[in-house]
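Thanks for coming. I will go through one model this morning, starting with a term and then moving from single residues to the whole chain.

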Amino acid sequence: MNNKEIKFIQINMARSLAVSDELYSYCINNKVDIALVQEPYTRNGILVALEGQGTRVLKTNTNDLHGIWAAIIIFNNQLDIIVNPHLNTESSVAYPGQVPIDIVSSYFQFRKPTIYFTNEIIKIHRHLLPRIIMGMAVNAFSPLWHDHRRNDKGLFVESMIQDLDMFIHNKAGQDFTFCGSRGKTISTQNLSSYIPNWRIHRGQCSSDHSIITFSLKEDFVMARPDLISKFKDYK
C-alpha cells in the first residue's frame, strides 16, 4: 500500500458534449484521479471525449435510451481497478477493489419512483467494504442536505441514508450544486467518513450543475507496473 492523496471530482454532466470536453480538461489540469459523473454525454454507449484518452471508465448498464446514467472515470493509471459487473445496474456503477475504500456513482431518474433506486443502493451496499464513497444525484428535496423543502422522494433518500448509516457532506451555507428551472437543489454526496476539503465550484463548466471536489489521503493499494491500465474482472 502507499499513503497517497487521491483527488476526486463529482458532477452531473447534464448530457452535454461541451461538458465532456470541459471535464476532461479540468481533470487533466487539476490532476484529478477519479471522477464520479451522472448523466454523461454518450454516443453508442461511449463517453465522448472521456473514454479512450488514457482513462479507464466504469459505466452503468446501457439504458433503454441506449445511453449511460452514471460512470466512474479513473484518470490515474496506478490505481488498482477491480470490476464487478454483477453489482452494476442501469442507474448505479460500483468500483470495488481500491482498498480501503469502495466507490459508487449513481443517478436517480426523476420520473421513476425513488424507492426503486434506494432499494437498489441498499442491495449493492451489502457487497461493499464498510468504508464507501457514494456520489449520487438523487433528484430529491430534503432539509437533511440543507434544502428548504422536503418531498416524498427526499423521504425515501433520508430513510436509505439512515438505514446505511451514511454521512452527508453537504453543509449549511454552502452553495447549491444545481440551479435550473425547477429551482435550486443539492445533489447528495454520501460519505462514510469526514472529509475536510469538500468543495463546490460554481462557473467551472457549462453544466447547470456545479463541480464538486474532495480528496482523501489513505494507504491505497496501487497497481503493479505490469498490471497498469488493465482490469481485473470478477463475475
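Buried here means under 20% relative accessible area, exposed means over 50%, and partly exposed is in between. Cysteine 27 has a relative accessibility of 1%, so cysteine 27 counts as buried. Cysteine 205 is at 17%, and because that is under the cut-off of 20%, cysteine 205 is buried too. The model is a predicted one, and it holds zero disulfides. As a reminder, a disulfide is a covalent bond between the sulfur atoms of two cysteines.

Now the overall picture. The protein has three helices and 17 strands. Of its 235 residues, buried ones make up 54%. The accessible surface comes to about 10900 Å², and carbon and sulfur atoms supply 50% of that. If we take contacts between residues at least 6 apart in sequence, 67% of them join residues at least 24 apart.

Valine 104 lies in strand S9, residues 102-107. Is valine 104 buried or exposed? Its relative accessible area is 0%, so valine 104 is buried. Methionine 134 is 30 residues away along the chain, and the C-alpha atoms of valine 104 and methionine 134 are separated by 4.7 Å. Setting aside neighbours within four places in sequence, valine 104 has contacts that include Leu36, Ile72, Val93 and Ala94. Also among the contacts of valine 104 are Ile121, Leu128, Ile132 and Ile133.

Two serines come next. Serine 215 sits in strand S16, which runs over residues 211-220. With a relative accessible area of 9%, serine 215 is buried. Which side chains make polar contacts with the side chain of serine 215? One is that of glutamate 5, at 3.0 Å, and another is that of asparagine 197, at 2.5 Å. Not counting residues up to four places away in sequence, serine 215 touches Glu5, Ile6, Lys7, Phe8, Ile195 and Asn197.

Serine 207 is in the loop between strand S15, residues 199-201, and strand S16. Serine 207 counts as buried, at 11% relative accessibility. The side chain of serine 207 reaches the backbone nitrogen of histidine 209 at 3.0 Å. Leaving out neighbours within four places, serine 207 is in contact with Ile11, Asn12, Met13, Ala14 and Val19.

On to the charged pairs. Side chains of opposite charge can pair when their charged atoms come close. How many salt bridges does the model have? The count is three.

The pair I would look at to begin with is arginine 15 and glutamate 39, whose side chains meet in a salt bridge at 2.2 Å, N to O. Arginine 15 is in the loop between strand S1 (2-12) and helix H1 (17-29), while glutamate 39 is in the loop between strand S2 (34-38) and strand S3 (42-43), so this pair ties together parts that are 24 residues apart in sequence. Glutamate 39 is buried, with 9% relative accessibility.

Another salt bridge joins glutamate 51 and lysine 59, where the closest N and O atoms are 3.1 Å apart. Glutamate 51 is partly exposed at 25%, and lysine 59 is partly exposed at 22%.

The remaining pair is arginine 150 with glutamate 158, at 2.8 Å, N to O. Here arginine 150 is partly exposed, at 47% relative accessibility, whereas glutamate 158 is buried, at 15%.

Last, the surface. Which residues form a nonpolar patch there? Ile115, Tyr116 and Phe156 do, and together they have about 280 Å² of accessible area. Phenylalanine 156 belongs to helix H3, residues 152-163. Its relative accessible area is 37%, so phenylalanine 156 is partly exposed.

Notes. Residues numbered from 1 in each chain as written. Predicted model: local features only at pLDDT ≥ 70, side-chain atom pairs only at ≥ 80, totals over all residues. Heavy atoms only, no water. Patch = residues over 30% accessible without salt bridge, like charges linked within 9 Å, V, L, I, M, F, W, Y side chains within 5 Å. Areas by Shrake-Rupley, 256 points an atom, 1.4 Å probe, with all protein chains shown as cover. Salt bridge = Lys/Arg side-chain N within 4 Å of Asp/Glu carboxyl O. Helix = DSSP H or I, 4+ residues; strand = E, 2+ residues; numbered from the N terminus. Buried < 20%, exposed > 50% of the residue type's maximum accessible area, 1.4 Å probe, protein only. Contact = heavy atoms within 4.5 Å. Disulfide = S-S within 2.5 Å. Polar contact = N/O pair within 3.5 Å; in protein donor to acceptor, adjacent residues only side chain to side chain.
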